[in-house]
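Colleague: I would like to learn how to read a few local features of a model. Could we go through them slowly?

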Amino acid sequence: MERRKLGSQGFEVSQIGLGCMGMSEFYGLTDEGEAIATIRRALDLGVTFLDTADIYGPFTNETLVGRAIAGRRSDVELATKFGNVRAENGERLGIRGDAEYVRQACDASLDRLGVDHIDLYYQHRVDRNTPIEETVGAMAELVEAGKVRQLGLSEAAPETIRRAHAVHPITALQTEYSLWSRDPEDEVLPTVRELGIGFVAYSPFGRGFLSGRIRSVDDLDPDDFRHDHPRFRGENFERNLELVARVDETAEEKGITSAQLALAWVLYQGDDIVPIPGTKHVRYLEENVAAVDVELTADDLARIEEAFPKGATAGERYADMSSVNV
């Protein structure tokens, strides 16, 4: 497993990371034992960049990750997030980025994770009611206190990124990016590259659609949030299935899985991009890791572009887009 630099602050992580969200919520049935085994297997394979957030569970995912890395803290680049507020019962209570909340959220995450510092601390969503300068100023205080090493933003707009970076260096910007979500290419990627900020791509499999394992909504567990996702509904689903079929053909000809092709494509978009595919199963983790050895030629990339052109995906990437690109 190679390493990649995120940003210009000397922070290095594994070439791909591991998104841990689905181990606790959103993607149907969960198995804590399998999840912990998956995280530990990831570390053994050199996947050391782990991504969680306080709201996943809610709150239980950080505890799970903390248990999994106990005794191996030095092997891990640990990222977590704050800003999306939820109650213990899961109710969504809005977005907060005020200084008091930043401090409270960090201390709570450190406690759940069972660690004395967070390697990369993101603002999960930008608070429209709090100046980004206040939020990042409070995050910078956490760096000074030794509780956080690097700062990040998630789903922030270019102007917000610039204002944040002027307060304290931002190491990474995390946004959805895959063959079926390429809007960051328009403004966000150019902005972070200009500023020397790394890019973390979440959902590189397009919420699992690009894995080729979803042929019908019946393939999803009853409580899977994708039942309400715009791209998984009605005509959008059928249109997107046609696009994925074209990717499946290319993958089959190369002797790899569709998931490996989708992940390799993201890796080929730049050495400053680190995808964090999520999985809750060891077997899929191992399949994902093998994608780092996939070679894509110029012809392969051109064929993928032709089969799945930018903007071809049907449907928005969230039912409510008001909290992204803020």
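Modeller: Let us start with Phe59, which lies in the loop between β4 and α2, where helices (H or I, at least four residues) and strands (E, at least two) are DSSP runs numbered from the N terminus. This is a predicted model, in which local features need pLDDT of at least 70 and side-chain atom pairs count only at pLDDT 80 or more, while totals for chains, interfaces and linings use all residues. Residues are numbered from 1 along each chain as its sequence is written, and side-chain values use heavy atoms, with hydrogens and water left out.

Colleague: What is the phi of Phe59, and is Phe59 buried or exposed?

Modeller: Phe59 is not a glycine, yet its phi is positive, about 75°. Its relative accessibility is 16%, so Phe59 counts as buried (under 20% relative accessible area, with exposed over 50% and partly exposed in between, for a 1.4 Å probe and protein chains only).

Colleague: How are two packed helices described?

Modeller: The description uses the angle between their axes and the distance between the axes. Here the axes of α1 (residues 32-44) and α2 (residues 60-69) come within 9 Å and cross at roughly 50°, the axes being lines fitted to C-alpha atoms over the stretch in contact, with angles from 0 to 180 degrees between N-to-C directions. The two helices are therefore oblique to each other, a class left over once angles under 35 degrees count as roughly parallel, over 145 as roughly antiparallel and 65 to 115 as roughly perpendicular.
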